[in-house]
Amino acid sequence: MTEEPYRWLEAVANRREYVRDQLKGGSPAFAVSLPEGILLLGVGSGQSKVFELFDRHALAGLGHPADIEKIRQAAIDAAHTESFTRAPEDVSLRRLVSFGMSPQLKTNFEQIFAAPFLVELLLAEIGAEPDKDLLLRLYFDGGFRFQTGGVMVVASQPEPEAAAQGWLNRELAGRQDRREVADLLLQAWWCLVEGKSFGDALPAAAERQAGWRAATKDRVVELGWLARHSNRPAHYEALSLAQAGL
Amino acid sequence: MNPATPIAGDFVSLLAAHKLAALPSAPSSTAPVQTQATTVFAFHYADGILMAGDRRATAGNVIVTDRVDKVIEIDASSLLAIAGVPATAFEMARVLQTSFEYYRRSQLQPLSLPAKVRALARLLRENLPMTMQGVGVVAPLFAGLDQTIHPAKPRIYFYDPLGAQFQAVDYVASGSGSGTIRSILSFQERYGSPHPSQMKLGEAVKFALRLLMIASEFDSATGGVNPATQTYATIKTLGSKGVESLSDEQQAAFLK
């Protein structure tokens, strides 16, 4: 019996390894806070990577489609029930994640005899001003990290994700044009899926642009836009590449 | 991850799963003095549908307020105009707003127009006990976009308090001032020039404001339109591109 805790720790470690292995090859997604709104981007098969959650909230992610769907549905249920029983203004990303999604993901991850959720997620909440924008990275084990504004990357492996995040932080600094930003996100996406370095061996801009164009030919670039100023309660709008100027 | 939703994308059944009622009702032996709201109407004009309502709410012979918005945007392609008891009607509007958006977001497609029309009929049927007691009577108007044809075409529906639904071909009105409005609309449609369905936006708005002015002369529960006191109506339009609202300033400009 004394070895049981060690078996449990080992089982959790194995589980972590299993999830990371299953997520390998998942298509990364991004969110960027801009003066006029938040841009979310992923490359998938159409309505598979980037989703509207509520009036001011959106989600992007990678993983098993059935698991993304379960979590998306749970978030939508929680947001609409909260909105109906209180008010739309009471639906906040902090509460949705801190008291709903994160504890449930953690519980599921630690139940070692049940299948874990194969997901890595990114959530966004548009504020009245850019410095009130919230971006949130939600991990498969229920861990999460908040960030005010800026750019956020979700990828299947931590090291490339950190490298892409660092590169985009530098490249996007001071940029406000949505078309330019979307183009840079797609360049980062191509580098991540092709396993390119974000260091000294980073391909030239022309190669990166040609790369994402070729790689997305038979796929759908999914763009979501949370407009800061809207006449309607729902701030989310799905954009085509052409609408984003690409 | 979450309690199973009995019907996919159905917000009312999600509320029931959480033991919450969309429109709670309790039997009562006596009816309180009710706040009521009248008058609303809708007609086809050249670019779509115009839906308008006065802004008065009354309780018996008391004017409660002259600042009620009785034409409500349910979603980007649906409008609801309420006549009857605001407490019930506003709650119905809130249920519909949340239900339509919940369906669109969860099922990744908008609810069809027939389903939207029936959703309101279902709420009216569920409100039957309150209707039969004489409290909570609602006789709404609904407008939505038929997206099965291109370009999408707006349609108008009206209901009886039990939930029967009917499509209005040219125009419809509801509430205590509706008799006057229907008479004028009928006359204009048959003998007038231009017919309401041929009016441009400016003409249609001016016509709608004048309709409310006349209705308020014959019905004390209908608040009028008075440019001198900056009292205007709630007016929204529904065209193939969706819902638009007309501000007091825009109405004032059209009325000049």
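Start with helix α4 of chain A, residues 158-172, in this predicted model. At 1.5 Å a residue, its 15 residues should span 21 Å. The end C-alpha atoms are 21 Å apart, which agrees.

Which residues of α4(A) are buried? They are A:Pro160, A:Ala163, A:Ala164, A:Trp167 and A:Leu168. Look down the helix axis: these buried residues fall within an arc of 130°, so they line one face of α4(A). The general rule is that an α-helix has 3.6 residues a turn, so residues three or four places apart point the same way. The other side of α4(A) carries exposed residues: A:Pro158, A:Glu159, A:Asn169 and A:Arg170. What lies over the buried face? The cover of the buried residues includes strand β8 (151-154) and helix α5 (178-193), both of chain A. After α4(A) comes A:Gly174, with a positive phi near 85°.

Now step back to chain A as a whole. It has 6 helices and 10 strands. Its radius of gyration is 18 Å, close to the 18 Å that the globule rule gives for 246 residues, so chain A is as compact as a globular protein of that length. Along the principal axes, its C-alpha atoms fill a box of roughly 60 × 50 × 30 Å. Of the 246 residues in chain A, 42% are buried. Consider next the contacts in chain A between residues at least 6 apart in sequence. Of these, 62% join residues at least 24 apart.

Chain A touches chain B. How many residues does each chain bring to the contact? Chain A gives 17 residues and chain B gives 15 residues. On the chain A side, β3 (50-54) and α2 (65-85) each supply at least two residues. Helix α2(A) gives the most to that side, with 11 residues. By type, the chain A residues that touch chain B divide into 6 nonpolar, 7 polar and 4 charged. For the complex, the predictor gives an ipTM of 0.94 and a pTM of 0.91.

Turn to chain B. Its mean pLDDT is 90, and 93% of its residues reach 70 or more. The secondary structure of chain B comes to 7 helices and 13 strands. A compact globule of 256 residues would have a radius of gyration near 18 Å, and chain B has 18 Å, which agrees. The C-alpha atoms of chain B fill a box of roughly 60 × 50 × 30 Å along the principal axes. Buried residues account for 48% of the 256 residues in chain B. Among its contacts between residues at least 6 apart in sequence, 65% join residues at least 24 apart.

Take α3(B) to begin with, residues 113-126. This helix has 14 residues and reaches 20 Å from its first C-alpha to its last, close to the 20 Å expected at 1.5 Å a residue. Its buried residues are B:Leu113, B:Lys116, B:Ala119, B:Leu120, B:Leu123 and B:Leu124. Why do they share a side of α3(B)? They cover an arc of only 135° around the axis, which puts them on the same side of the helix. Their cover includes β7 (78-81), α2, β8 (141-146) and β9 (153-159) of chain B.

One of the elements in that cover, α2 of chain B, spans residues 86-107 and contains B:Pro86. Is B:Pro86 buried or exposed? It is buried, because 20 other C-beta atoms lie within 10 Å. B:Pro86 and B:Ala168 are 82 residues apart in sequence, and their C-alpha atoms are 23 Å apart in space.

Next comes α5(B), residues 178-191. This helix has 14 residues and reaches 20 Å from its first C-alpha to its last, close to the 20 Å expected at 1.5 Å a residue. In α5(B), the buried residues are B:Ser178, B:Thr180, B:Ile181, B:Ile184, B:Leu185 and B:Gln188. They cover an arc of only 160° around the axis, which puts them on the same side of α5(B). The face turned away from that buried side carries the exposed residues B:Phe187, B:Arg190 and B:Tyr191. The cover of the buried residues of α5(B) includes β2 (40-45), β11 (171-174) and α6 (201-218) of chain B.

Conventions: Residues numbered from 1 in each chain as written. Chains lettered and ligands numbered in written order. Predicted model: local features only at pLDDT ≥ 70, side-chain atom pairs only at ≥ 80, totals over all residues. Helix = DSSP H or I, 4+ residues; strand = E, 2+ residues; numbered from the N terminus. Expected span 1.5 Å × (residues − 1). Buried ≥ 20, exposed ≤ 12 C-beta atoms within 10 Å, placed from the backbone. Arc of directions from axis to C-beta. Contact = placed C-beta atoms within 7 Å. pLDDT = per-residue confidence, 0-100. Rg over C-alpha atoms; globule rule 2.2 N^0.38 Å. Nonpolar A, V, L, I, M, F, W, Y, C, P; charged D, E, K, R; others polar.
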